[in-house]
Amino acid sequence: MTVLLASTAGNVLVWIIWVGAALALLASALAVVLFSNPFYSALALMANLGSLAVLYLLISAEFVAAAQVLVYAGAIVVLFLFVIAYLGGRADAPWTGVPKFSSVAAVVASVAIAVEVIVAVVVSWTGGLPNAAEITAAFGSPREIGRLFLADHLLAFEVTSIILFVAAVGGAVLGGAARRAEKAEAQTPSEEENG
Amino acid sequence: MGPGIGAYLVLSVLLFATGTVGVLIRRNPLIVLLSLELMLNAANLALIGFARQHGNSDGHIFALTVMVVAAAEAVVGLGLIVAMSRRKLKLDVDQMKQLRG
């Protein structure tokens with residue numbers, strides 16, 4: 001009886017944390033889309049990634065949750081913040097005019113996707129989804145992820161490093177080309193840029 | 001039982017739809033990129049949920065690879081935005097007509 005009560009209390013606690021994280025996730029996602037200042041949008045994305053990490057922890061994906069916070073919130077969003085700060089006032093983009101036909105169409109299409117998937121999930125749910133598989137404590141741990149990366153998915157791991165290298169070279173090339181264009185324009189100010 | 005795969009899938013599609021709206025209606029390329037990250041994260045959430053459902057860690061590997069692709073995409077996208085800004089182009093995806101050097 002006590003064990004049953006304890007497990008019920010544990011489940012209620014898990015649900016409370018899950019619902020809190022889910023609400024934070026959706027609210028911060030809306031904030032990313034709706035803020036007119038991209039700096040606030042990037043900060044909202046950071047909150048979004050934090051609540052995602054909580055959701056990952058609840059389904060024993062410890063390593064992915066840690067990587068999410070370190071790599072996504074710690075590196076990618078900070079890169080966004082650097083670029084937004086570098087652009088300064090030019091990065092601001094307030095809402096322009098009334099919603100056009102295309103905006104309405106975009107919202108309708110997105111709602112249609114959401115409703116379609118939710119209906120599909122609910123229909124399978126009423127049919128009785130199978131219970132989640134039993135897992136051991138090793139599931140999602142750094143040891144397990146490391147073993148999978150270096151044994152089963154070595155090719156993906158290596159291709160990943162090539163992609164990152166190409167992206168770094170691409171970023172440097174784009175920056176260098178822009179700097180050369182800027183210099184050329186400074187030397188011949190009479191020539192009008194039409195780009 | 002805690003939240004099952006169904007709850008995670010519903011949450012994932014809501015996040016995906018929010019990201020889609022952002023990509024389609026915003027004209028600032030920075031916010032388009034941020035909304036793109038939302039869509040990638042929605043896919044990651046579904047992958048992690050299915051990994052737990054099937055008790056198979058391969059989904060975690062897929063999610064980590066998606067994270068790497070997101071990093072690469074952010075670097076190239078932000079590089080393009082900085083290049084546009086240095087050429088004094090307006091930061092508006094509706095007015096981008098050419099990316100030719």
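Q: At what angle do α2(A) and α3(A) pack, and how far apart are their axes?
A: Helix α2(A) packs against α3(A), residues 62-87 of chain A, at an angle of about 175°, and their axes are 9 Å apart. The two helices are therefore roughly antiparallel to each other, a term that applies to angles over 145 degrees, whereas angles under 35 count as roughly parallel, 65 to 115 as roughly perpendicular and the rest as oblique. Axes here are lines fitted to C-alpha atoms, for helices over the stretch in contact, and angles run from 0 to 180 degrees between N-to-C directions. Helices themselves are DSSP runs (H or I, at least four residues), strands are runs of E with at least two, and both are numbered from the N terminus.

Q: Before we go on, what does a predicted model mean for the features?
A: This is a predicted model, in which local features need pLDDT of at least 70 and side-chain atom pairs count only at pLDDT 80 or more, while totals for chains, interfaces and linings use all residues. Residues are numbered from 1 along each chain as its sequence is written, and chains are lettered from A and ligands numbered from 1 in the order in which they are written.

Q: Which residues of α2(A) meet α3(A)?
A: On the α2(A) side they include P38(A), A42(A), L49(A) and Y56(A), and on the α3(A) side they include V69(A), Y72(A), F80(A) and I84(A); residues are in contact if their C-beta atoms, placed from the backbone, lie within 7 Å. By class, that contact has 19 nonpolar, 2 polar and 1 charged residues, where Ala, Val, Leu, Ile, Met, Phe, Trp, Tyr, Cys and Pro count as nonpolar, Asp, Glu, Lys and Arg as charged, and the others, Gly among them, as polar.

Q: What is the length of α2(A), and which of its residues are buried?
A: Helix α2(A) has 21 residues, 38-58, and reaches 30 Å from its first C-alpha to its last, close to the 30 Å expected at 1.5 Å a residue, the expected span being 1.5 Å times one less than the number of residues. Among its buried residues are S41(A), L45(A), N48(A) and L52(A); a residue is buried if 20 or more other C-beta atoms, placed from the backbone, lie within 10 Å of its own, exposed if 12 or fewer, and partly exposed in between.

Q: Where does S60(A) lie?
A: S60(A) lies in the loop between α2 and α3 of chain A, and has a positive phi of about 50° although it is not a glycine. Most residues other than glycine have a negative phi.

Q: Is S60(A) buried or exposed?
A: S60(A) is buried, because 22 other C-beta atoms are found within 10 Å.

Q: How far apart are the C-alpha atoms of S60(A) and A138(A)?
A: They are separated by 9.3 Å, although the two residues are 78 residues apart along the chain. A138(A) is found in the loop between α4 and α5 (142-152) of chain A, and counts as exposed because it has 12 C-beta neighbours inside 10 Å. Leaving aside neighbours within four places in sequence, A138(A) is in contact with R143(A) and E144(A).

Q: Switching to chain A overall, how many helices and strands are there?
A: Chain A comes to 6 helices and 0 strands, and buried residues make up 21% of its 195 residues.

Q: How many residues does each chain give to the contact between A and B?
A: The contact takes 78 residues from chain A and 68 residues from chain B. On the chain B side, α1 (5-25), α2 (29-54) and α3 (58-86) each supply at least two residues, and α3(B) gives the most, with 23 residues. The residues on that side divide into 39 nonpolar, 21 polar and 8 charged.

Q: What about α4(A) and α1(B), at what angle do they pack?
A: Helix α4(A), residues 101-126, packs with α1(B) at an angle of about 170°, with axes 9 Å apart, which makes α4(A) roughly antiparallel to α1(B). The residues that meet include V107(A), V117(A) and W125(A) in α4(A), and L9(B), V13(B) and L24(B) in α1(B).

Q: And how confident is the model?
A: The model scores ipTM 0.91 and pTM 0.87. Chain B averages a pLDDT of 88, with 95% of the residues scoring at least 70, pLDDT being the predictor's confidence in each residue, from 0 to 100.

Conventions:
Contact = placed C-beta atoms within 7 Å.
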